[in-house]
Amino acid sequence: MSDFDAMDEILREFLVESYENLDSLDTDLIVLEKDPHSEEILGKVFRTIHTIKGTSGVLGFGKLEKVTHVGENLLSRMRDGELTYDEGIATGLLQMVDAVREMLNLIESDGSDGQESYGALIAILESLLDSGSVSPPEVEAAPEASAAPEASAAPEAEISEPVEEPVAEVAQPESDDDSDDGSLALETSDSEPELATVESNVGTPGQVEPQRAKSSPLSDSTVRVDVCLLDQLMTQVGELVLARNRIMQYGQQSGDPELQSTIQGLNLITSELQEEVMKTRMQPIGSIWNKFPRAVRDLCVDMGKKVNLVMEGQETELDRTLIEAIKDPLMHALRNSVDHGVELPEARLRAGKSFTGTVRLKAYHEGGQVTIELKDDGAGIDPVKIGQKCIEKGIYTKEEVQRMTSRELVNCVFAPGFSTAAKVTNVSGRGVGMDVVKTNIEKIGGTVELKSKQGEWTELKMKIPLTLAIIPALVVNHNGGRYAIPQASLLELLRLEGVQAAGKIERVHGARVYRLRGRLLPLIHLGEVLNQESCFWPGDGTTEEEEGRSWNIVVLHADDQTFGLVVDGINDTEEIVVKPLGKQLKNIPVFSGATIMGDGNVALILDILGIGKVSDVFTPEGARTDVKAGQQAESEKPHGSTMILVEIGSDGRMALPLSSVSRLEEFKSDRIERSAGREVIQYRGNIMPLVRLANLVGRPSGNTEDSEIIQVVVKGEGKEAVGIIVDRILDITETNYDDNNDQGETSIVVDGRVTEIVRTSDVLASAGY
Amino acid sequence: MSNQYCTFRISDMLFGVDVLKVQEIIQFQEMTVVPLSDTVVRGLVNLRGQIVTALDLHVRLDIDSNEDTDTRPINIVLCTEGGAVSLLVDSIGDVLTVEETAEESPPPNLNAKTREILVKVCKLEDELLLVLDAEKTVELGQLAKL
């Protein structure tokens, strides 16, 4: 290694470490703002600045040194208790962090720390320094005092270089992209964020020593690995998975027990290896969240709002490619929450809310996916306003808006070109916002859902797959070919047998539809999509021909819409490794890639979105199919609500919205006690009052008062709970009644019978609850 | 100066590609047909875990297939800018070294489809060697029908 290379290496290390340190610095400074007396954090901030200052001095970046130097003075004053951390100092220091970052960027791009002298910033920092109890002469003295350790820092840095060397060698130092996230720290044990600080403190003598000695085992247990290497490893493991699949298939045919057990072992090891390698590419979502507190703080200062950002589940891990992909959409959504969601403090007080708004960011694993929730306790979304805006912007016509439910209206914010902010701020409101969030999340196979209660809260829920490289898929047969359907877009499988199938698949002017639980499901034949001759629909042939046949419908979901794909056969689900198609095949919209199956043959992966588009089952504006499908589909749309069907009297059927019910219970009737003339029961440590629905609605009950078991619908929780006694709980069913958008209906048709709607709150109010 | 070409036959014509562009030559493999693709694309081949598109040079060059369909084509896997692509040919020949003096540009009376991808004609002792441009051969443009 020549001297020049060595210097380059030092510079690179310096940049990587400094970027990392700056990221943690942002967070620390904000924590410090809440807890100004935390010596630990103050010490950490001080060390970080000190390190950057020291190293930049050694490397000859004068301006960088000067800026950090003033910051360091300020911090040392605070550490000594001569100054107290306040908002002014926080802003000053954060500005300094920005300036340092700018200079580091310059150093990275052209090797110098730029022309700007940052005079204004230095002046601000110095004035902050002066505002303390210290007289100016001492300020002058400070630089000299801290310049001394710096001089000795230079040789120290050289000496410590060999110490770093072995680590660096394992870490593949020849990486070209030494941006701040070009490499990621592999953490084999429970390491702490301090790691970065510890490493970067190599070369600064004095107060850092004890700290370093204390946590050196930490740096032994982690190794920096180039991301490219991990990606290669991932590819190799993908190949291994395929080879395993092949061997397993071969083993099943051969029936040799020795081979079987060996394969069993191979299978186990491969699965574990795959899992572990996947883990190395996993990064905690916190790695992008750490920038958020700073962003929220800056926004709040700009807009005069008070927002408390609560983050839960930072440790939730995601594949790093996905982390990168969700970074910007998430930031955008967060800005939106602060900008449009949370109200100004005065407005909050007027609305009877706390002075400070809360934005809650929560991530967790659920069903093989990562769910990220962003919820604010702000003004919520007004569906009426959204509707008006849609009409104004010409996104929808007035008639269309009138036909939409409030939930559909709320989700209109995802429409391209939509923005409700009264005025465009520099934060958000340019009308490119939410649709970008949605498209970006959907691009990586995720989904976005927005819910809101006007005046109370808004919640954005994103569901993201864990990884993209290896996905579970359903393998189907069609016309001699095999195709893989990503499981993420799969809803359910239907099978229609023989002659009956003809009756179940109906035609709407040539288009085939299937009645799936009362909704019309548009059907596409895979043969038609692939332009193949054999599209045999039920009813096409004679009875004899159709007798032994069956049709498989794969119900798929893409772009908020559902359709059925008819295929010849359904094989199995399998973990597949997604491989791109060559450029000769790139222009076929119905395939998203290919994979190698267990027998070594290639299968094509169907692009569900693409199929939907070429088959015209989507209307251009996405979610509008339902509206356009006409009144029939509209009235059968199940997005109304789920209702509990109960029986009162011999023939009376009533429906209660499931959303208002917390539990269904059965009690022995001898457990009913009486208190103040009312029936009560001991339930979960509380006394729960009971009401008889039959009495409330003035119907005769089919049950006599002394029947042995009573069925109770419980509304509310804990001490608020009220039990509604019904004669019999019949069923839970989807209906078109929308309890968020009550039109005042008194009854609906369920299963062909007129059923009365019970508005639980009205009924209970009439009983005095 | 001389150039080396990997030669192969399609029907009775002798073709060649720059030997440095050839990654490997493999036996006929089972192929997965890709519906909706350009007719030139015969299918996808699994080349040791890598998925390679196989192109039919008969179609690409507008040459009628031989009568005897028993002979299985051979894959010449080219290493192109867009990744590995396989050319299906009838039979494989030697690697020939041709002096530049024996090379000439293609004649103007050649059919248009072939002229696109043919870069040179080499005058061998007893026949002509038609040299294809590897990159242009695998470039199908927007021909695919949907």
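Trainee: Six strands form an open sheet in chain B; in what order do they lie?

Mentor: The order is 8-1-2-11-10-9, with mixed pairing. This is a predicted model, in which local features need pLDDT of at least 70 and side-chain atom pairs count only at pLDDT 80 or more, while totals for chains, interfaces and linings use all residues. Residues are numbered from 1 along each chain as its sequence is written, chains are lettered from A and ligands numbered from 1 in the order in which they are written, and side-chain values use heavy atoms, with hydrogens and water left out.

Trainee: What makes strand 10 (residues 118-123) and strand 11 (residues 128-132) of chain B a pair?

Mentor: Two strands pair if DSSP finds at least two bridges between them. Strands 10 and 11 of chain B have five and run antiparallel, so they qualify. K120(B) stands opposite V131(B) in strand 11 of chain B.

Trainee: What is the order in the six-stranded open sheet of chain A?

Mentor: The order there is 23-27-28-26-25-24, and the pairing is mixed. Strand 23 (663-668) and strand 24 (673-675) of chain A are the edges. Strand 27 (residues 709-715) and strand 28 (residues 722-726) of chain A run antiparallel and are joined by five bridges; V714(A) has G723(A) as its bridge partner in strand 28 of chain A.

Trainee: Why is helix 2 of chain A called largely enclosed?

Mentor: A residue is buried under 20% relative accessible area, exposed over 50% and partly exposed in between (1.4 Å probe, protein chains only). In helix 2 of chain A, 16 of the 21 residues are buried, so the rest of the structure largely encloses it.

Trainee: How do you know whether the length of helix 2 (residues 39-59) of chain A agrees with what it should span?

Mentor: The expected span is 1.5 Å times one less than the number of residues. For the 21 residues of helix 2 of chain A that gives 30 Å, and the end C-alpha atoms are 30 Å apart, so the values agree. Just after helix 2 of chain A, G60(A) takes a positive phi of about 85°.

Trainee: What makes the crossing of helix 12 and helix 13 of chain A right-handed or left-handed?

Mentor: A crossing is right-handed if the near helix is turned clockwise from the far one by less than a right angle, and left-handed if anticlockwise. The crossing of helices 12 and 13 of chain A is right-handed. Helix 12 (residues 292-303) and helix 13 (residues 320-341) of chain A pack at about 30°, with axes 10 Å apart. Axes are lines fitted to C-alpha atoms over the stretch in contact, with angles from 0 to 180 degrees between N-to-C directions. The contact residues divide into ten nonpolar, no polar and three charged; nonpolar means Ala, Val, Leu, Ile, Met, Phe, Trp, Tyr, Cys and Pro, charged means Asp, Glu, Lys and Arg, and the others, Gly among them, are polar.

Trainee: Why is L474(A) called buried?

Mentor: Its relative accessible area is 4%, and the cut-off is under 20%, so L474(A) is buried. L474(A) lies in strand 10 (residues 470-478) of chain A. Residues that L474(A) touches (heavy atoms within 4.5 Å) include Y483(A), V554(A) and I570(A).

Note on methods: Helix = DSSP H or I, 4+ residues; strand = E, 2+ residues; numbered from the N terminus. Lists of a residue's contacts leave out its neighbours within four places in sequence.
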